[in-house]
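Please keep the sequence and the structure in view while reading.

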Amino acid sequence: MKEKGGILGMFVGHDHDCDYVVNWKGILLAYGRYTGGDTVYNNLPDGNGARVIELTENKPGFRTWIRLKGDQIINEVRFPEDFLKK
C-alpha cells in the first residue's frame, strides 16, 4: 500500500472486541466494531455497532467513527488532522 501511493486508509472488521484506528506510515489502519449478534468474543461494554467512513469530494482525508445501536457516536477521528503533531 505504501509503495503504491495514494492510499489513505484500510478498513477491516470481524466479530471480535476491536474497533481501533492507528496511523501507520501515513495510512490509517482501522478495525470496525462487530455488527451482528452476540458471540463469545464480544465483551465491549457499548455493544454492537458499525464503523462509518465519510469522504468529502475534492477534500483530502476523511472522517470515521463508530455508530452504536441507538445512534450514539463514539471514537470519531479526522484523518490526517487528528494524527498530526501539534
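In this predicted model, three strands form an open sheet in the order S4-S5-S6, and their pairing is antiparallel; strands here are DSSP runs of E with at least two residues, numbered from the N terminus, and two strands pair if DSSP finds at least two bridges between them. Strand S4 (49-55) and strand S6 (73-79) stand at the edges with a single partner strand each, so one side of each has no neighbour in the sheet. On average, and with direction ignored, neighbouring strands of this sheet are turned by 15 degrees against each other, where the axes are lines fitted to C-alpha atoms and angles between N-to-C directions run from 0 to 180 degrees.

Two conventions apply throughout. Residues are numbered from 1 along each chain as its sequence is written, and side-chain values use heavy atoms, with hydrogens and water left out. Because the model is predicted, local features need pLDDT of at least 70 and side-chain atom pairs count only at pLDDT 80 or more, while totals for chains, interfaces and linings use all residues.

S4 and strand S5 (residues 62-68) run antiparallel and are joined by seven bridges. Leu55 stands opposite Phe62 in S5, and Glu54 stands opposite Arg63 in S5. The two strands form a hairpin with six residues between them, and Asn58 in the turn has a positive phi of about 65 degrees.

The charged pairs come next. Side chains of opposite charge can pair when their charged atoms come close. A salt bridge is a side-chain nitrogen of Lys or Arg within 4 Å of a carboxyl oxygen of Asp or Glu, and by this rule the count comes to four salt bridges. The table gives some of them.

| Salt bridge | Closest N and O atoms |
|---|---|
| Arg33 and Asp19 | 2.5 Å |
| Arg63 and Glu54 | 2.9 Å |
| Arg67 and Asp71 | 3.8 Å |

Arg33 forms its salt bridge with Asp19; Arg33 lies in the loop between S3 and S4 and Asp19 in the loop between S1 and S2, so the pair ties together parts that are 14 residues apart in sequence. Arg33 is buried, with a relative accessible area of 6%, and Asp19 is buried at 15%, where buried means under 20% relative accessible area, exposed over 50% and partly exposed in between, with a 1.4 Å probe and protein chains only. Glu54 is partly exposed at 31%, and a network of salt bridges links Glu54, Arg63 and Glu76. In the remaining row of the table, Arg67 is partly exposed at 31%, whereas Asp71 is exposed at 57%.

Some backbone angles also deserve a look. Lys25, in the loop between strand S2 (21-24) and strand S3 (27-32), has a positive phi of about 50 degrees although it is not a glycine, and Lys25 counts as exposed at 55% relative accessibility. Asn75, placed in strand S6, has a positive phi near 55 degrees and is partly exposed at 44%. The peptide bond from Phe79 to Pro80 is cis, with omega near 10 degrees, and Pro80 is in the segment after S6.

Met1 belongs to the segment before strand S1 (9-13) and is partly exposed, with a relative accessible area of 38%.

Conventions: Helices (H or I, at least four residues) and strands (E, at least two) are DSSP runs, numbered from the N terminus.
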